[in-house]
Amino acid sequence: MEKRVVFRSAWLPYALVAPQIAVTIVFFFWPAVQAGWYSFQLQDAFGERTQFVGLANFAALFRDSNYLHSFQITAFFSVMVAGSGIAISLLLAAMADRVIRGALAYRTLLIWPYAVASAVAGVLWLFLFAPSIGIITFALRSIGISWDWVLQGNQAMLLVVIAATWKQISYNFLFFLAGLQSIPRSLLEAAAIDGATPMRRFWTIVFPLLSPTTFFLLVINIIYAFFETFAIVDAATHGGPGKETAILVYKVYYDGFKALDINGSAAQSVVLMVIVGALTVFQFRFVEKKVHY
């Protein structure tokens, strides 16, 4: 029989969720509404007067070659972060699930990076790849690889991709490990008795049963790459060199707080919200069809 909680007071459930609703309205919905309103306005240099200009801010955005270039940068960055993060996390979870001795220690060490703040993760990898004193830079140069992300845009992009992926691996690892542990061992044992190799068991049994977890993490990682990687980019590269790592969310911050283009920044934030919303709807509309629940 399903257990249900019955509240004696009719207002108590609403009182319990009221703080969360208030936080969501104040810090999420209200800023979104403000961004939408400012995106249709044009403010003077002193911030004293505003004028309604309709879609002029959006038209100016799509005439800006730097803004269009940031679309390409963000698309590449988000695919690399989401794809590599999910693949590496799945590999680590599969390996940790097979460990018997010291399994708790391995799993704890793999979870630790999630406790690191995004800005700290960016600074950490910045020091590891520093052109003059970085340990990894020294190792790369010892094998003949020239590394200087300050001058090379592709190396700067690789730096922020590595930092963002490392930061998210622990989150993905937790869900994949929980998904692997929920798979009945009898299915794997039966397949082994039938002569299926470990790789065949993984792709025909384990991975299809992990499809709900994989789909969930795909949605979360795409959102993470578009929004939550701002601190990593800001702490590590500041969008450089030459705006080669200026993803959309960083450009919203730079144009709004450094270039002081409040209305253009608001228009960018609206476009970013629409893109992420459309991607999420697309994933639920088409990708979810391949999920086996």
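This briefing covers aromatic contacts, charges over rings, a nonpolar surface patch and salt bridges.

The model is predicted, so local features need pLDDT of at least 70 and side-chain atom pairs count only at pLDDT 80 or more, while totals for chains, interfaces and linings use all residues. Residues are numbered from 1 along each chain as its sequence is written, and side-chain values use heavy atoms, with hydrogens and water left out. The structure holds 21 aromatic pairs and 2 salt bridges.

**Aromatic pairs**

- Rings of Phe, Tyr and Trp (its six-membered ring) pair if their centres lie within 6.5 Å; planes under 30 degrees apart count as stacked, over 60 as edge-to-face and the rest as tilted.
- There are 21 such pairs in the structure. In Tyr67 and Phe71, the ring centres are 5.0 Å apart and the planes stand at 85 degrees, so this pair is edge-to-face.
- Both Tyr67 and Phe71 belong to helix H3 (residues 65-98), 4 residues apart, about one turn of the helix; helices (H or I, at least four residues) are DSSP runs, numbered from the N terminus.
- Tyr67 is buried at a relative accessible area of 1%, whereas Phe71 is partly exposed at 24%. Buried means under 20% relative accessible area, exposed over 50%, and partly exposed in between (1.4 Å probe, protein chains only).
- Phe71 has a relative accessible area of 24%. The rings of Trp125 and Phe129 have centres 6.0 Å apart and planes at 25 degrees, so the pair is stacked.
- Trp125 is buried, with 14% relative accessibility, and Phe129 is buried, with a relative accessible area of 5%.
- A cluster linked by ring pairs contains Phe230, Tyr250, Tyr253, Tyr254 and Phe257.

**Charges over rings**

- A charge sits over a ring if NZ of Lys or CZ of Arg is within 6 Å of the ring centre and within 35 degrees of the ring normal.
- Tyr254, one of the cluster residues, has Lys243 over its face, at 3.6 Å from the ring centre.
- Arg285 has its charged end over the ring of Phe286, 5.3 Å from the centre of that ring.

- A nonpolar surface patch of about 1300 Å² includes Trp11, Tyr14, Ile25 and Phe28. Patches are made of residues with over 30% relative accessible area and no salt bridge: like charges are joined within 9 Å, nonpolar side chains (Val, Leu, Ile, Met, Phe, Trp, Tyr) within 5 Å. Accessible areas come from the Shrake-Rupley method with a 1.4 Å probe; for residues, only the protein chains shown count as cover.
- Phe28 lies in helix H1 (residues 12-38) and is exposed, with a relative accessible area of 56%.
- Phe215, in helix H10 (residues 211-228), is buried at 6% relative accessible area. Its C-alpha atom is separated by 30 Å from that of Gly195, 20 residues apart along the chain.

**Salt bridges**

- A salt bridge is a side-chain nitrogen of Lys or Arg within 4 Å of a carboxyl oxygen of Asp or Glu.
- Arg185 and Asp97 form a salt bridge (3.0 Å, N to O). This pair links distant parts of the chain, with Arg185 in helix H8 (residues 185-193) and Asp97 in helix H3, 88 residues apart.
- Arg185 is partly exposed, with a relative accessible area of 39%, whereas Asp97 is buried, at 18%.
- Asp255 and Lys251 form a salt bridge in which the closest N and O atoms are 2.7 Å apart. Both residues lie in helix H12 (residues 248-258), 4 residues apart, about one turn of the helix, and both are buried.

Definitions and conventions: Helix = DSSP H or I, 4+ residues; strand = E, 2+ residues; numbered from the N terminus.
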